[in-house]
Amino acid sequence: MTAAVALEVRPGVPAGAAALPRRRFFRPTWAEVDLGALARNLRAFRARMPAGVKLMFVVKANAYGHDAALCARAAEASRAADWLGVSSVEEGVALREAGVRLPILILGSLYPFESALAAVAHGLTPIAASLESARRLAEVAARLGRRVDCHVKVDTGMGRIGPGPEAALAVARRLAALKAVRVQGLYTHLAKAEEDPRFTAAQLKAFRGVIAALAAEGVRPPLIHAANSAGALRHPEARFDLVRPGLAIYGLWEGFEPVLSLKSQIVFLKTVPKGATVSYGATWRARRPTRVATLPVGYADGYARALSNRAHVLVGGRRCPVIGRVTMDQVMVDVTAAPGARVGDEVVLIGRQAAAEVPAGELARLCGTIPYETVTQLSSRVPRLGVRT
Ligand SMILES: Cc1ncc(COP(=O)(O)O)c(C=O)c1O
């Protein structure tokens, strides 16, 4: 196993531990984040947009579980992203502390309003989603004695945060009248860009109404944006000045390369006789003598319990079924189809091995959810390793 080796024993370990091998983790379960694929996806996405359209790479929720610092630094180095999008001040501060210098927009609402001060002080760009937040931004500018940039959010049908078109106009007007606050951006979020062109058209029409009304008053924010991955790829009229993809850049959209693989190793192997049962509740019973491998990964790692008796993993390039219930820390697999399997063999739970593949979308379908949830639920217990292909 090359992936799990490397890096250092953490500072503060007892003196005797210095004699231990220098490894960051011992339990052989980890996620590989292919930063080469990420950079290629960024470039491929850009290439599908008209020249001049800027790209905000959405790295909220720990870059959809892929490790925000790793992904943001790779995006910055690739020069294929102009902005990063996060959901909270904390996420933005963590990126600044990781040395990321790209502009960062906090897409989520700022509450309590003290967080606006923290955001600006850390070089993050806040949004204004109400008259109250507009007022608070003016206070922050006064307190820091410098101009504050913000993006005004318009709710055109998502119904999550932000004022509707009329009220958004009032917010933008109030801010435009202040010297200390600049409306750098005006944006909305599409609720059905993947499946409903009419709904999307109605949202864009409402958004264009706000843009036109402001233009009539001489206000034209430099960055107008609306499109997530689906919006940008499927609705050219939603691209405006900047697009905000997440999903496609992580390769969770057709035509882009998957970035994350979840891997483990066989830590225990046995043959059970016909009639033997496996795991809690004895929900799986052997119909024939069966080679059973145990993997040190469970629902506490984000490998959902709903995958019990349903998912497949890859061993020796073959699809092998998960048998019995997924437990908190371990899962069992029928590896009879991979007769050469040995303790220590690498197992792929998400990703490719030889010609076989288990995409994140397959696990999402088995759990009745979407790939966003499958990858974001990978827990902090799983080390993320940056690799490059
Ligand atoms: C405001 C906003 N913009 C952009 C995105 C990126 O969306 P996607 O991952 O579908 O490209 C998200 C993600 O949910 C979002 O909340």
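The structure is a predicted model, in which local features require a pLDDT of at least 70 and side-chain atom pairs count only at pLDDT 80 or more, while totals for chains, interfaces and linings use all residues. Residues are numbered from 1 along each chain as its sequence is written. The mean pLDDT of the chain (the predictor's confidence in each residue, from 0 to 100) is 94, and 94% of the residues reach 70 or more. Over residues 1-11, by contrast, pLDDT stays under 50. For this segment the model has 22 contacts beyond four places in sequence, two residues being in contact if their C-beta atoms, placed from the backbone, lie within 7 Å.

Along the principal axes, the C-alpha atoms of the chain fill a box of roughly 80 × 55 × 40 Å. The secondary structure comprises 11 helices and 20 strands; helices (H or I, at least four residues) and strands (E, at least two) are DSSP runs, numbered from the N terminus. Of the 389 residues in the chain, 45% are buried. A residue is buried if 20 or more other C-beta atoms lie within 10 Å of its own, exposed if 12 or fewer, and partly exposed in between, with C-beta atoms placed from the backbone. Among contacts between residues at least 6 apart in sequence, 63% join residues at least 24 apart. The domain assignment gives domain 1 (35-243) and domain 2 (260-358), with bounds that come from an automatic or database domain assignment. The C-alpha centres of domain 1 and domain 2 are 42 Å apart.

The ligand is surrounded by Val58, Leu107, His189, Asn228, Ser229, Ala230, Arg244, Pro245, Gly246 and Leu247; a residue is near a molecule or strand if its C-beta atom, placed from the backbone, lies within 6 Å of it. By class, this shell has 5 nonpolar, 4 polar and 1 charged residues. In this classification Ala, Val, Leu, Ile, Met, Phe, Trp, Tyr, Cys and Pro count as nonpolar, Asp, Glu, Lys and Arg as charged, and the others, Gly among them, as polar.

An open sheet of 8 strands has the order β4-β3-β2-β9-β8-β7-β6-β5, with parallel pairing. Its edge strands are β4 (104-106) and β5 (127-128), each of which pairs on one side only. Two strands pair if DSSP finds at least two bridges between them. Strand β3 (residues 83-86) is joined to β4 in the parallel sense by 3 bridges, and Val86 has Ile106 of β4 as its bridge partner.

The C-alpha atoms of Ala63 and Val86, 23 residues apart along the chain, are separated by 8.5 Å. Ala63 is classed as buried because 31 other C-beta atoms lie within 10 Å. Beyond four places in sequence, Ala63 touches Ala68 and Cys71. Lys60 is found in helix α2 as well, but counts as partly exposed because it has 19 C-beta neighbours inside 10 Å. Outside four places in sequence, Lys60 is in contact with Gly85, Val86, Ser87, Glu91 and Leu107. Lys60 and Thr376, although 316 residues apart in sequence, are 9.7 Å apart in space, C-alpha to C-alpha.

Antiparallel pairing is found around strand β10 (residues 260-265). Strand β1 (residues 29-34) runs antiparallel to β10 and is joined to it by 5 bridges, with Ser264 as the bridge partner of Thr29. A further 4 bridges join β10 to the antiparallel strand β18 (residues 346-353), in which Glu346 stands opposite Gln265. In β10, 6 of the 6 residues are buried.
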